[in-house]
Amino acid sequence: MRLMSTKAPKEKVIFHIDADAFFVGVEVAKNPKLKGLPVVTGEERGIVSALSYEAKALGVVRGMPISRVKREFPHVIVLPGDYRSYVEYSERMFEIVNRYAYGVEEYSIDECFADFTGLDRTLKKSYREIAEQIKKEINDELELSVSIGLASTKVLAKIASNWVKPNGLTIIEVSTAPEFLAKVPVNKIWGIGPKTSEQLVMRGVKTALDFSAKDISWVRQNFSKPYEAIWHELNGVFVNKIDSELKTTYLSIQKTRTFHPATNDKTFLWSQISKHIEDACAKARHYNLVPKKISIFLKTQDFEIVTVSATLSAPSNSPEILAELAHEKLDKIHTKGILYRTAGVVLQDLLHNYTSQKDLFGGTNKADKLDIIHKQIDALEDKLGKRVVYLASTKKALDHKTIGTEADELDRDLLFL
Ligand SMILES: [Mg+2]
């Protein structure tokens with residue numbers, strides 16, 4: 001087997017390991033009776049956040065409103081997300097990979113990259129056998145199924161793991177790479193977004209093979225540095241390093257809390273949401289993430305969830321901007337006379353290392369000013385502790401802090417995919 005390009009200065013063997021329908025996979029592992037049934041999660045958010053292959057076969061898709069699922073697919077089992085379990089299974093899955101490789105990059109809650117170069121000799125097994133063993137261990141110990149891709153670069157490994165799903169194992173070798181790349185449209189290449197895909201297609205570059213066959217000078221002339229890296233990686237040259245320090249890509253940040261007694265007090269509910277927005281924004285800033293979308297939700301005493309979303313005119317992780325938007329939306333989900341027991345916030349469509357488009361002539365807009373202020377507050381809070389400064393609307397939630405939060409429902413303070 002020849003995984004590596006002869007042009008590569010350092011020969012590498014990269015594994016990309018990706019759990020199949022992860023959230024639902026965990027639900028089935030927790031409750032084996034669900035095996036083989038159409039199952040979706042996301043009830044608490046009001047939209048499908050994950051679905052089993054059986055639900056997919058019926059026509060359910062990610063992002064579909066739960067109300068529609070219940071109406072059109074009455075046999076589908078709808079579950080609320082259990083993020084504590086997802087994080088636990090995620091850690092156990094990465095722990096299994098860590099038995100074999102050093103410095104695993106936890107790319108998201110259910111995906112990782114790892115460098116296996118040379119382990120075939122150490123373990124006296126072929127790379128395929130090692131991958132099969134990892135699949136078996138994850139399957140035996142966690143009842144989860146994963147798909148694994150092997151190649152000489154991260155970009156190729158990602159294509160490989162996605163090739164056969166679920167329960168796939170795909171190896172892309174230098175000799176077979178063109179056959180794979182010819183079937184991958186440019187918008188499916190990891191790291192190439194919809195805008196760039198459009199530009200590429202307009203220039204006649206439709207597949208990953210078309211892109212990889214272009215001259216590097218053409219890529220340099222027309223696109224920025226990251227695309228150069230993708231070009232190299234498609235050609236089998238390892239450029240994108242494995243980063244075991246960084247947990248980069250998360251789809252959303254969620255903050256929720258259950259309170260006692262259930263209440264209809266809008267001012268109180270708003271202060272809870274306001275506090276969640278501040279906490280979620282602080283977390284987002286800590287990870288250099290900026291959301292494009294925010295959802296707020298309330299859960300009634302009868303466990304019904306009402307949710308509303310808003311898209312920001314420009315991505316921002318300043319609570320002032322998100323709070324203004326969320327406040328306008330609260331009326332849409334708050335009904336007089338109904339008692340609510342949980343309030344929550346989800347920041348979605350997170351961008352990593354986003355920089356805003358500055359006004360012309362170096363002037364700064366409101367969002368940029370808030371951005372600067374929050375950097376200063378974050379630095380201050382690093383020194384003096386949390387909540388040196390907070391929004392006035394949050395105060396009521398802080399005063400309420402000590403009143404009984406149910407022990408079985410801890411604050412959800414998670415990043416998840
Ligand atoms: Mg996955």
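Student: Which protein donors does the magnesium ion have, and how far from it do they lie?

Tutor: Before that, a word on the source: this is a predicted model, where local features need pLDDT of at least 70, side-chain atom pairs count only at pLDDT 80 or more, and totals for chains, interfaces and linings use all residues. Residues are numbered from 1 along each chain as its sequence is written, and side-chain values use heavy atoms, with hydrogens and water left out. Donors are N, O and S atoms within 2.8 Å of the metal (3.2 Å for Na, K and Ca); water is not among the atoms, so sites may look incomplete. Here the protein donors are Asp 18 (OD), Ala 19 (O) and Asp 110 (OD), lying 2.2 to 2.4 Å from the ion.

Student: Where in the chain do Ala 19 and Asp 110 lie?

Tutor: Ala 19 lies in strand S1 (residues 14-19), while Asp 110 is in the loop between strand S5 (105-108) and strand S6 (111-115), so the pair ties together parts that are 91 residues apart in sequence. Strands (E, at least two residues) and helices (H or I, at least four) are DSSP runs, numbered from the N terminus.

Student: Are Ala 19 and Asp 110 buried or exposed?

Tutor: Buried means under 20% relative accessible area, exposed over 50%, and partly exposed in between (1.4 Å probe, protein chains only). Both Ala 19 and Asp 110 are buried.

Student: OK, sheets next. What is the strand order in the open sheet of 3 strands?

Tutor: Strands of a sheet pair through backbone hydrogen bonds, either parallel or antiparallel. Two strands count as paired if DSSP finds at least two bridges between them. This open sheet has the order S3-S2-S4, with mixed pairing. Its edge strands are S3 (50-51) and S4 (77-79), each pairing on one side only. Strand S2 (residues 39-41) and S4 pair in the parallel sense over 3 bridges, and Thr 41 has Leu 79 in S4 as its bridge partner.

Student: And rings? How many aromatic pairs does a search of the whole structure find?

Tutor: Rings of Phe, Tyr and Trp (its six-membered ring) pair if their centres lie within 6.5 Å; planes under 30 degrees apart count as stacked, over 60 as edge-to-face and the rest as tilted. The search finds 11 aromatic pairs. Take Phe 259 and Phe 268: their ring centres are 5.1 Å apart and their planes at 90°, so the pair is edge-to-face. Phe 259 is buried, at 2% relative accessible area, and Phe 268 counts as buried at 6%.
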